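Trainee: Could you take me through the disulfide of this structure in detail, setting it within the chain as a whole?

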Amino acid sequence: MADANATDANWQDEVISADLPVLVDVWAPWCGPCKMVGPALERIHAENTDRFKLVMANMEEFATTADELNIRATPTLMIFKGGELVAKKSGAMMQSQIKQWLDQNI
């Protein structure tokens with residue numbers, strides 16, 4: 001399960017000010033690939049809760065911040081460390097690909 005749901009209103013508190021690295025999943029309710037990526041992220045996170053914070057961001061509740069981050073597709077995964085964006089990837093990935101990407105960036 002995700003640690004938090006990001007919105008435009010709580011972005012600063014949930015992501016930028018977080019102590020751990022943060023993996024943000026920008027998704028949309030109508031996005032088919034998002035329905036595969038989200039559960040894979042939750043399985044990975046369940047094994048790594050002390051390694052990173054998982055934050056889900058529904059594009060419909062996150063539109064202003066998504067625009068500022070130049071997000072044009074869902075799903076988009078982003079990794080933040082110390083409040084800075086360090087990695088960003090759009091499109092569906094298999095669980096093994098997500099793990100590899102996380103290992104390279106966290």
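Mentor: The chain contains 4 helices and 5 strands, where helices (H or I, at least four residues) and strands (E, at least two) are DSSP runs numbered from the N terminus, and along the sequence they follow the pattern β-α-β-α-β-α-β-β-α. The radius of gyration, taken over C-alpha atoms, is 12 Å, close to the 13 Å that the globule rule gives for 106 residues, so the chain is as compact as a globular protein of that length; the rule itself is 2.2 Å times the number of residues to the power 0.38. This is a predicted model, in which local features need pLDDT of at least 70 and side-chain atom pairs count only at pLDDT 80 or more, while totals for chains, interfaces and linings use all residues. Residues are numbered from 1 along each chain as its sequence is written, and side-chain values use heavy atoms, with hydrogens and water left out.

Turning to the part you asked about, the structure holds 1 disulfide, a term that here denotes a pair of cysteine sulfur atoms within 2.5 Å. The bond joins Cys31 and Cys34, whose sulfur atoms lie 2.4 Å apart, and the torsion about the S-S bond is about 85 degrees, so the disulfide is right-handed. Cys31 has a relative accessibility of 4% and therefore counts as buried, and Cys34, at 7%, likewise counts as buried, where buried means under 20% relative accessible area, exposed over 50% and partly exposed in between (1.4 Å probe, protein chains only). For the chain as a whole, buried residues make up 46% of the 106 residues.
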